[in-house]
Amino acid sequence: MASSASFSPALQAATIFPSTWSQSSRSSPSKLGTILSMGRRKELESLRVSVATEPRVAVPWQLVETEGDGDGKLAAWTSIRQERWEGELVVVEGEIPLWLNGTYLRNGPGLWNIEDYNFRHLFDGYATIVRLHFENGRLFFGHRQIESEAYKAAIKNKRVCYREFSEVPRPDSFLSYVGELASLFSGASLTDNANTGVIKLGDGRIVCLTETIKGSIQIDPHTLETIGKFEYTDNLGGLIHSAHPIVTETEFWTLLPDLVRPGYTVARMEPGTNERKVIGRVNCRGGPAPGWVHSFPVTEHYVVVPEMPLRYCAQNLLRAEPTPLYKFEWHPESGSYVHVMCKASGKIVASVEVPHYVTFHFINAYEERDEDGRVTSIIADCCEHNADTTILDKLRLQNLRSFAGQDVLPDARVGRFRIPLDGSPKGELEAALDPEEHGRGMDMCSINQAYLGKKYRYAYACGAQRPCNFPNTLTKIDLVKKKAKNWHDEGGVPSEPFFVARPGATEEDDGVAISMVSDKNGEGYALVLDGSTFEEIARAKFPYGLPYGLHGCWIPKNAS
């Protein structure tokens, strides 16, 4: 099998269908397990599956594995072994709830090399979409590369052809370098590698996203086929947007940073359309550029617009080699702010200065009211890195792959903003609970979507059991009791825990949290935790370890 520095051409267009698999019988839940008999195990190991493209090839199931499988190397930081795979997961421990019917899609970078050239940063990898389809206690799995123009060009030309997070095309000459810079200003050379999130629009369309606007790509949730670029039909222009829009059945909110006149356009898109409409604009209070806005929260009536001192930097964008802050610069002298805009009018109702902060991901926000029902302040929670920008450089693949037991993960917390609406110039930022509760690690969060923009109690995220170099636990946060429950598999790396509510549930945490785990043996599995007790319900072994993924969405059975 190819090493992490290669990508087998014979498998680039291969779909493997283990059609002869069947759900194995399970032992009692108290044993947490489906135990395969030796005969059944030998049957699986000798199974031959067909490749659905020419030339047809027979591939032993057990040979489709990640580099380092069994020698203690994580598959989390190695490239995906093949472009696509599909089949039922039959090695299941525990019981998958019968009510859990639908599809969990997870997006993320999955290919970190072209030929012998290895990428530098976690965020550079070409997108791999993973599908977990739950049906009547059974689990079907598949993955596929998203066929962005950047990915297709790289495979065809055997080199990076578009500007990724830290990777840039290698010019053949000075003239080609000048031409590449010109295409950068027009946006032509920016990547469309949609490797960050995946969303279900109100009309049912599934779109994969990254921070470049051109990197909005529609996929088929059943086959994972790339349908094509999601074209916005408005004239808002710009090159970048928030990687995480706010999406419900009736709303789609996004922020578009303005790099020329530093600020943010707040836009809304109706279900069934591709047209974003401007609701309002926020002018930056600091400079020289808008702060990075990877995500943002909303409440029932307001949009919360963050302005970090970690700001976009045109000079860094032009560099052939990355700086420690990549496309950004740290400007603490410029101040840190949070703005609040009315959804209905587009008017700014608050703009406050807050302590410095660094966050990728907001968790949720809601409105605080007085005894007369008037909104007095906005509460906004995020995964906050103690204003420490070094988290960006810690995500270099070299750093992630070279963990030797030192505790090098920068501290993080649940940062809680309180934004007064009485005209006060200052807002508050403090920890919502003691960070030691979750090992001073905090990122990759989800909540019960029924509580989006409303007062809530629980959040699900990735925390830390130290020493570590990356978040390595799954954590349930109780914001009322200010406590956390943590799940940990020694040596493993879990992806974002995505909460799915049980149909008809009346309690906020009545449901499950779904994650995908790279374990210490180079293998991996899908994990289902009880949303209330945070105990493991089931795990289903993957045929081989998967790269680490980022964000996902849930498609209920009646909507899939």
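Two strands pair if DSSP finds at least two bridges between them; strands are DSSP runs of E of at least two residues, numbered from the N terminus. This is a predicted model, in which local features need pLDDT of at least 70, side-chain atom pairs count only at pLDDT 80 or more, and totals for chains, interfaces and linings use all residues. Residues are numbered from 1 along each chain as its sequence is written, and side-chain values use heavy atoms, with hydrogens and water left out.

**Sheet**

- Three strands form an open sheet in the order β20-β23-β24, with antiparallel pairing.
- Its edge strands, β20 (302–307) and β24 (348–353), each pair on one side only.
- Neighbouring strands are turned by 15 degrees against each other on average, direction ignored (axes are lines fitted to C-alpha atoms, and angles run from 0 to 180 degrees between N-to-C directions).
- β20 and β23 (residues 337–342) run antiparallel and are joined by six bridges.
- Val-303 has Met-341 in β23 as its bridge partner.

**Gly-287**

- Gly-287 sits in the loop between β19 (276–283) and β20.
- With a relative accessible area of 25%, Gly-287 is partly exposed (buried means under 20%, exposed over 50%, partly exposed in between, with a 1.4 Å probe and protein chains only).
- Apart from neighbours within four places in sequence, Gly-287 is in contact with Arg-311, His-331 and Ser-334 (heavy atoms within 4.5 Å).
- Gly-287 and Glu-333 are 46 residues apart along the chain, and their C-alpha atoms are separated by 9.0 Å.

Conventions:
Helix = DSSP H or I, 4+ residues; strand = E, 2+ residues; numbered from the N terminus.
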